[in-house]
Amino acid sequence: MRWLFAAIVAAATMALAAWLAAADSTPAPMAPETISSPSPTSHPTDPASETTASIARRFLGVSSCASVACHGGPISADPSAKWRSSYTVWATIDKHSRAFSVLFEPRSKRIVQLLDHLPSVDQARPYQEERCLACHSTGQSFQKTDTSILADGVGCELCHGPAQNWLKKHTERAWLDSRAAKFEPLPDMTDTRDLLPRAMACAKCHVGSREPGQPARDVNHDLIAAGHPRLDFEFHAYSGVMPKHWTDEPGKKPNYKTDRETHAAAWAIGQAVSAEAALKLIAARAVADKPQSVAAAKTLPIARHPEFSEYDCYACHHELSSKFPSSRQALARMDPSHHSPGSLPRSTWYFTSPQLLSDAQSGLAPAGQLAKSLTKLIGGTWSPDDPSTADQNVAELAASMRHLAEAEAKASWDESMIDRLLARATDVSTLAPNWDSAAQRFLAIEALLAARRELPSRLGQAASAEELEIDQALGEIHKLLEFRIDASTGSSEPVKGATDHAAPRIDSPRGYDPLAVQQAFSRVFAAIGKTLRVGESK
């Protein structure tokens, strides 16, 4: 009887968790428009109507993880019990759980209205748009996915893989015990303990992708101009602010290094993976825009190339009035090549830090050639703006990035490696004066310093005077790089009494002063140099 009672309680708990998951992720009450045609369809019950591949890779939804006996338990302070509350953390704290529900908000509807030139915002239905669902839901297809799975937002399976083939197996004692020797992913399971596949899973949405047979995840200039945030992904920084639903305590998992033990590796792998994803997206856009024949070239509209989202946003989006100083003129004085006549500078967000990793002395392949190719890309010596050549040139560079990421994943991130990269990061000649490069260098130095402080030989040591000086200067740079919110006053504070929809907001570093930033970096570089020399003398 006790067994029967326990089974009934477990079943009721799973049903309640599933109901709560759907209720939490789906806006309530739904407007009548949400059930208008076309409506989401459930998977057909007849297996013969589905292909073998679609059955094998079926998504099951977060309700399959939500049982209290599995991952839906209460949040605990015990690091070894984190796995028991993975679903709870995701559902209550993690923004990924609200990825689908935001498509019902006025801002999302306004974006679709502007994109499609709709007469009224009420006619916009972003929650039915494949271009939105590709990143804002797990099922990725409005026509082919259960409503409940769409409502999950970015659920467990978008990162960990569709669970049909591994859900039951990953609860079996034999597989659980085998992890102590070596973690072996099950079919369709993504090994998120490994930084390389974890970064690649994030980059699909947070950088973008246009892979054959996959929904297009492409936040282009049209979307950004309509109001979608610009994608400026940095894997290490994003991982640091993400609510952890996994154990991150050293020594709690056999053969597993925690996030705090992999600062440098996470930064380096994230940089290479993000650059690869950005380059592949450039190449895919070029192929999509390239006419397939001479006859087609005469009838097709002019190719939408170059894609403005691949260029430095702030070369155009800057203050014109004298009320707020513009950095464009200062940049032109500091680096005339940055604004060459008749051209726009390319975005350096994904392409400056990988140059630090491509030095032969660092022990990471492919030596200096990668840095030269990136310099050509950024400087426009060879331009991917021509769809006839962009796909080949950029695809080759993307392949080099993959090799670099794989080399970093195998590298031994010891003190000498970290110190070499820190020394390279303090080379002022590799620091461009634009905001993207400065922000990436700031994030690189933070990650490498964190890695250095977490080295076993340094744990428990008090911060030196040089380290305190570095922290103070980095704090100053952080303030100089911050975006302003109030477009009417230039203040970093929102307008009092204004609603979110009415408050002016500009995602641009209006007050960015490249000279002040460069001076602050000079102080950081000098202090890091002192620290490295002290380390060499010991």
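Tutor: What follows starts with helix H9 and then moves to its surroundings.

First, the ground rules. This is a predicted model, in which local features need pLDDT of at least 70 and side-chain atom pairs count only at pLDDT 80 or more, while totals for chains, interfaces and linings use all residues. Residues are numbered from 1 along each chain as its sequence is written, and side-chain values use heavy atoms, with hydrogens and water left out.

The chain holds 21 helices and zero strands. Both are DSSP runs, numbered from the N terminus (helices: H or I, at least four residues; strands: E, at least two). Of the 538 residues, 42% count as buried. Buried means under 20% relative accessible area, exposed means over 50%, and partly exposed is in between (1.4 Å probe, protein chains only).

Now H9 itself. The helix covers residues 195-206, twelve in number. From first C-alpha to last it reaches 16 Å, close to the 16 Å expected at 1.5 Å a residue. That expected span is 1.5 Å times one less than the number of residues. The buried residues of H9 are Leu195, Leu196, Arg198, Ala199, Ala203 and Cys205.

Look at the two ends. At the start, a side-chain oxygen of aspartate 194 comes to within 3.1 Å of the backbone nitrogen of leucine 196. This is a polar contact: a pair of N or O atoms within 3.5 Å, where, within protein, one must be able to donate a hydrogen and the other to accept it, and residues adjacent in sequence count only if both atoms are side-chain atoms. Just after H9, glycine 208 takes a positive phi of about 125°.

Step back along the chain. Aspartate 188 sits in the loop between helix H8 (173-178) and H9. Its phi is positive, about 75°, although aspartate 188 is not a glycine. Most residues other than glycine have a negative phi. Aspartate 188 is partly exposed, because its relative accessible area is 23%.

Threonine 262 lies in the loop between helix H11 (235-241) and H12. At 11% relative accessibility, threonine 262 counts as buried. A polar atom of its side chain lies 3.0 Å from the backbone oxygen of threonine 258.

The largest nonpolar core has 70 residues, and Trp267, Phe351, Ile445, Leu481, Phe521 and Val524 touch the most other members. The largest share of this core, 14 residues, comes from helix H12 (residues 263-289). Such a core is a set of buried Ala, Val, Leu, Ile, Met, Phe, Trp, Tyr and Cys residues joined through side-chain atoms within 4.5 Å.

H12 also gives the largest share of the lining of the largest cavity, four residues. That cavity holds about 270 Å³ of space. Of its 17 lining residues, the closest to its centre are Leu231, Arg285, Ser309, Glu310 and Tyr350. On a 1 Å grid over the protein atoms alone, a cavity is a set of points where a 1.4 Å probe fits but cannot get out, and lining residues have an atom within 4 Å of a point.

Terms used
1 Å grid on protein atoms, 1.4 Å probe; cavity = no way out; pocket = protein on both sides within 12 Å on 5 of 7 lines; lining within 4 Å. Points joined across faces, edges and corners; volume = space filled by probe spheres on them.
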